[in-house]
Amino acid sequence: MNTLSRFEKFYFKIKSNRWYWLFSLFCRFSLAYAFLFAGFVKVINERFASGLSVKHPMGAYLEALHQTGFYNTFIGVAQILTAVLLIIPRTVTLGALLYFPIILNIWILSFALRFEGSFVSAPLMVLANLFLLVWNYDRLKYILPIKNFGQTKLFVKPKSYTTKFPVLFFSAVVSCVVLTVILAQFGYEVMPRNSISDCKEQFKNTPDKTVGFDFCDCIHNKGKSLTTCLEAFEKDKAKNNSNNL
């Protein structure tokens, strides 16, 4: 039995487990809800995260996107359509395929701008989307560059699911959530935060209080780019450290 055949045997086994099936439903409907909400905001021509200042890097991006007019509406319609496809059982595979490039883009954008509004949710949504893609492997495999398939049949819903709880799998899920939260809290030395008060809070009672406050002023009052403010922060921090030697 080759590697692909062993994988497919394992795949059909987990597809018959009720806990995996329930988790797939959770992923489908939670992802769909997120896009229905985000898409509706765009369709009614409101700016997403409207409370975020336009001087904030993400606020500036969202404001520019809002000003594109029908392009912003098009993205909203695409998100709503993708969400609906995820909800309908017969179209969930197509929905998962359409969802992935959109949420991957949001994840990279969140990390690039260190936006805490989706710093935790975006990577978890990417992982949930990947799970759905693997869950629908029996349909997706025909578009993969694989010549020989082990079992070519589609999965047929069993009359009764197995109920053995997959401890290892759900331990991995919990670990991914915990690691993502830890990265959001401690992954970066400096975060712009969503307001100047929250930004300054991370520097209180630290040796970098002065240069940290300047960083927050650079972001939230002067409206400069994150890269520019980070470079100034690192330069001022290094200068302070050399003066304290």
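Mentor: Start with burial. Buried means under 20% relative accessible area, exposed over 50%, partly exposed in between (1.4 Å probe, protein chains only). Note that this is a predicted model: local features need pLDDT of at least 70, side-chain atom pairs count only at pLDDT 80 or more, and totals for chains, interfaces and linings use all residues. Numbering runs from 1 along each chain as its sequence is written, and side-chain values use heavy atoms, without hydrogens and water.

Trainee: Why is Thr 82 called buried?

Mentor: Its relative accessible area is 2%. The cut-off is under 20%. So Thr 82 is buried.

Trainee: Which residues are in contact with Thr 82, leaving aside its neighbours within four places in sequence?

Mentor: Phe 35, Gly 95, Leu 98, Tyr 99 and Ile 102. Contact means heavy atoms within 4.5 Å.

Trainee: What does the side chain of Thr 82 reach at 2.7 Å?

Mentor: The backbone oxygen of Ala 78. A polar contact is a pair of N or O atoms within 3.5 Å; within protein, one must be able to donate a hydrogen and the other to accept it, and residues adjacent in sequence count only if both atoms are side-chain atoms.

Trainee: Where is Thr 82 found?

Mentor: In helix H4. Helices (H or I, at least four residues) and strands (E, at least two) are DSSP runs, numbered from the N terminus.

Trainee: How do the axes of H4 and H5 cross?

Mentor: H4 (residues 70-87) and H5 (residues 92-113) cross at roughly 140°, and their axes come within 8 Å. Axes are lines fitted to C-alpha atoms, for helices over the stretch in contact; angles run from 0 to 180 degrees between N-to-C directions.

Trainee: What makes H4 oblique to H5?

Mentor: Angles under 35 degrees count as roughly parallel, over 145 as roughly antiparallel, 65 to 115 as roughly perpendicular and the rest as oblique. The angle is roughly 140°, so H4 is oblique to H5.

Trainee: And why is H5 roughly antiparallel or roughly parallel to H6?

Mentor: H5 and H6 (residues 121-135) pack at about 155°, with axes 9 Å apart. The antiparallel cut-off is over 145. Therefore H5 is roughly antiparallel to H6.

Trainee: Now Lys 237. Why is Lys 237 counted as buried?

Mentor: Relative accessibility is 18%, so Lys 237 counts as buried. Lys 237 lies in helix H11 (residues 226-243). Beyond its neighbours within four places in sequence, Lys 237 is in contact with Glu 189, Asp 208 and Val 211.
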